[in-house]
Amino acid sequence: MIREIIKPFEELGRYCILMGKVFSRPEKASIYYRRILFEMEALGMSSILITAIISIFMGAVVTLQMSINLESSFISRSLIGYATRETMILEFSSTVVALILAGKVGSNIASEIGTMRITEQIDALEIMGVNSASYLILPKIVATVLFFPLLTILSILIGNFGGYLVAVVTRIMIPDDYVQGLLTDFKPYSIVYSLIKIAVFAFIITSVSAFYGYNAKGNSLEVGRASTKAVVASCVIILMFNLILTQLLLI
Amino acid sequence: MIRAEHIAKSFDGRKVLEDISVRFEQGKTNLVIGRSGSGKTVFLKCLVGLLDIDEGAIWYGNTCFSDLGFRARKTIRRDIGMIFQGGALLDSSTVEENVRLPLDLFTRQSEKEKAERVDFCLQRVALKNANQLYPSELSGGMIKRVAIARAIVLNPKYLFCDEPNSGLDPMTSNVIDNLIREITEEYNITTIINTHDMNSVMEIGEKIVFLHEGKKWWEGTKSDILHSDNRELNDFVFASTMAQRARGYERMVQERPECAAKDVFK
């Protein structure tokens with residue numbers, strides 16, 4: 001019983017120790033630079049399509065639902081465009097995209113590092129005198145923290161376009177009204193808030209997933225378990241930090 | 001030279017290594033043999049510092065390795081090459097990138113110098129036209145050769161091999177064994193090999209340490225091994241029918257030397 005209570009704190013301690021190793025002085029900056037570019041392609045570029053697909057559908061669905069639920073002669077139709085934009089910027093393109101990326105990128109990182117652990121590739125790096133934690137994890141963290149905000153911007157643009165598209169195709173509202181709503185009362189700070197959130201979420205997804213992968217032991221079953229744990233833990237922590245960041249940055 | 005003094009290691013209270021003291025000489029192929037589960041891999045991992053020992057000391061030359069911290073060990077680790085059981089090549093890197101990695105990280109050589117060194121090491125292990133292949137495209141023997149090339153790329157003083165022949169056919173095993181012996185002699189390095197392959201023992205074993213139930217049970221040379229009265233060692237060495245017959249043959253040769261087949265027991 002006591003062991004179960006202590007376990008999360010033990011894991012937090014081990015996570016902090018690992019992050020200490022990750023952020024210690026790198027061996028050679030030029031190698032890390034190359035690896036960051038590689039990880040940007042592997043983790044970021046490969047996520048563009050999935051981000052675009054879910055954003056366009058989500059923008060379209062939000063517009064449809066707003067249109068159905070705000071059916072009143074007292075409410076301006078342009079409010080639908082405004083609501084879609086705000087939903088995309090404030091919540092969807094940062095938090096929901098982060099949750100989806102936690103599944104895609106998080107499981108990828110945990111299984112990759114976990115497999116490296118059980119096939120002794122990490123031991124091989126340690127034997128060479130390489131700080132394996134820093135060499136493997138730091139480029140992934142830097143790559144995602146830099147690249148995921150670009151995905152969020154892409155998601156905002158595509159999501160709002162998805163709303164416009166649904167207005168044009170279904171004729172549920174006049175497209176010009178939708179565009180007018182998009183341009184109403186725009187606050188640039190909302191974008192800053194969204195980008196700060198996704199940067200924090202990117203750090204959470206990468207570091208938490210890497211932590212579970214790095215500490216995988218045993219066989220391929222354990223790698224699968226580590227991958228599942230990584231996704232679940234990342235999602236829970238993202239939701240907690242979503243609340244904390246909203247409180248800190250918006251209120 | 002590497003020296004282990006009274007080392008012990010336990011996992012969750014279960015003793016895996018107990019009071020092992022042994023000295024591994026420079027320029028020799030030192031073999032650690034024993035049955036599966038006898039503690040060979042744990043012993044090797046303790047020697048290279050992948051596992052911390054509970055008791056005792058490990059010396060690399062005049063430096064007490066086991067007393068050093070993580071950063072201080074780095075300087076010694078750059079003199080260590082290790083060949084893992086499965087090769088442990090980085091899956092996402094090509095053969096060339098795998099071999100070049102230590103050069104990229106720890107030298108200030110130009111790209112041309114690095115490329116030359118990589119080519120030299122790959123040629124040394126008889127691998128041609130494999131530079132751009134990924135580990136998934138290589139056979140078991142080729143993976144071991146790349147692992148050897150990576151291990152020697154920084155001219156190590158110490159070479160550790162964890163069951164380098166596992167999963168290989170007898171002919172490829174011989175090639176890998178001979179390669180390790182040649183490299184050991186050529187660069188005068190201290191080589192320690194974990195194995196339970198008796199062909200390797202008879203082929204390249206200059207000094208042999210037998211581990212049994214986590215303890216050092218026997219120590220000697222490959223010619224001593226054939227005449228030992230140590231029962232556990234004999235059970236291990238002569239486990240196969242072929243080896244038992246070979247021992248009978250050797251006794252026959254001692255009694256009637258004129259019947260000896262040439263160069264069977266060097």
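Colleague: Let me start from the definition: two residues are in contact if their C-beta atoms, placed from the backbone, lie within 7 Å. Going by that, what share of the contacts in chain B with a separation of 6 or more joins residues 24 or more positions apart?

Modeller: That share is 66% in chain B. Keep in mind that this is a predicted model.

Colleague: Noted, thanks. How many helices and strands does chain B have?

Modeller: Chain B comes to 10 helices and 10 strands. Its C-alpha atoms fill a box of roughly 65 × 45 × 30 Å along the principal axes.

Colleague: And how does the radius of gyration of chain B sit against a compact globule?

Modeller: It agrees: a compact globule of 266 residues would have a radius of gyration near 18 Å, and chain B has 19 Å. As for burial, 41% of the residues in chain B are buried.

Colleague: Now chain A. What is it built from?

Modeller: Helices: chain A has nine of them and zero strands. Written from the N terminus on, its elements run α-α-α-α-α-α-α-α-α.

Colleague: Let's look at a helix pair. How do H4 and H6 of chain A cross?

Modeller: The axes of H4(A), residues 78–118, and H6(A), residues 132–170, come within 8 Å and cross at roughly 145°. The crossing of H4(A) with H6(A) is right-handed.

Colleague: And which kinds of residues make up that contact?

Modeller: In the contact of H4(A) with H6(A) there are 12 nonpolar residues, 10 polar ones and two charged ones.

Colleague: Let's move to the interface. How many residues does each chain put into the contact?

Modeller: Chain B gives 14 residues and chain A gives 13. On the side of chain B that touches chain A, the elements giving two or more residues are helix H2 (70–77), strand E6 (80–83) and helix H3 (95–106).

Colleague: Which of those gives the largest share?

Modeller: That would be H3(B), with three residues. By type, the side of chain B that touches chain A has nine nonpolar, one polar and four charged residues.

Colleague: What about the largest nonpolar core: how many residues does it have?

Modeller: The largest nonpolar core has 126 residues, and those with the most contacts inside it include Ile205(A), Leu47(B), Met82(B) and Phe160(B).

Colleague: Pick Met82(B). What is it in contact with beyond its sequence neighbours?

Modeller: Leaving aside neighbours within four places in sequence, Met82(B) is in contact with Ala124(A) and Ile127(A) from chain A, and with Val48(B), Ala151(B) and Phe160(B) from chain B.

Colleague: Changing topic to backbone angles. Which residue of chain A has a positive phi although it is not a glycine?

Modeller: Glu120(A) has a positive phi of about 70°. Glu120(A) is in the loop between H4 and helix H5 (121–127) of chain A. Over in chain B, Asn129(B) has a positive phi near 55°, and its place is the loop between helix H4 (111–124) and helix H5 (140–152).

Colleague: Buried or exposed, for Glu120(A) and Asn129(B)?

Modeller: Glu120(A) counts as buried because it has 20 C-beta neighbours inside 10 Å, whereas Asn129(B) has 7 and so counts as exposed.

Colleague: One more pair, then. Where are Val22(A) and Asp185(A)?

Modeller: Val22(A) lies in helix H1, residues 2–22, of chain A, and Asp185(A) is in the loop between helix H7 (175–183) and helix H8 (188–214) of chain A. Val22(A) is buried, with 23 other C-beta atoms within 10 Å, while Asp185(A) counts as exposed, with 8 C-beta neighbours inside 10 Å.

Colleague: And which residues does Val22(A) contact, leaving aside its neighbours within four places in sequence?

Modeller: Those are Ala133(A), Ser134(A), Ile137(A) and Leu138(A).

Conventions. Residues numbered from 1 in each chain as written. Chains lettered and ligands numbered in written order. Predicted model: local features only at pLDDT ≥ 70, side-chain atom pairs only at ≥ 80, totals over all residues. Axes fitted to C-alpha atoms, helices over the stretch in contact; angles between N-to-C directions. Helix = DSSP H or I, 4+ residues; strand = E, 2+ residues; numbered from the N terminus. Left-handed = near helix turned anticlockwise from the far one by under 90°. Nonpolar A, V, L, I, M, F, W, Y, C, P; charged D, E, K, R; others polar. Core = buried A, V, L, I, M, F, W, Y, C linked by C-beta atoms within 7 Å. Buried ≥ 20, exposed ≤ 12 C-beta atoms within 10 Å, placed from the backbone. Rg over C-alpha atoms; globule rule 2.2 N^0.38 Å.
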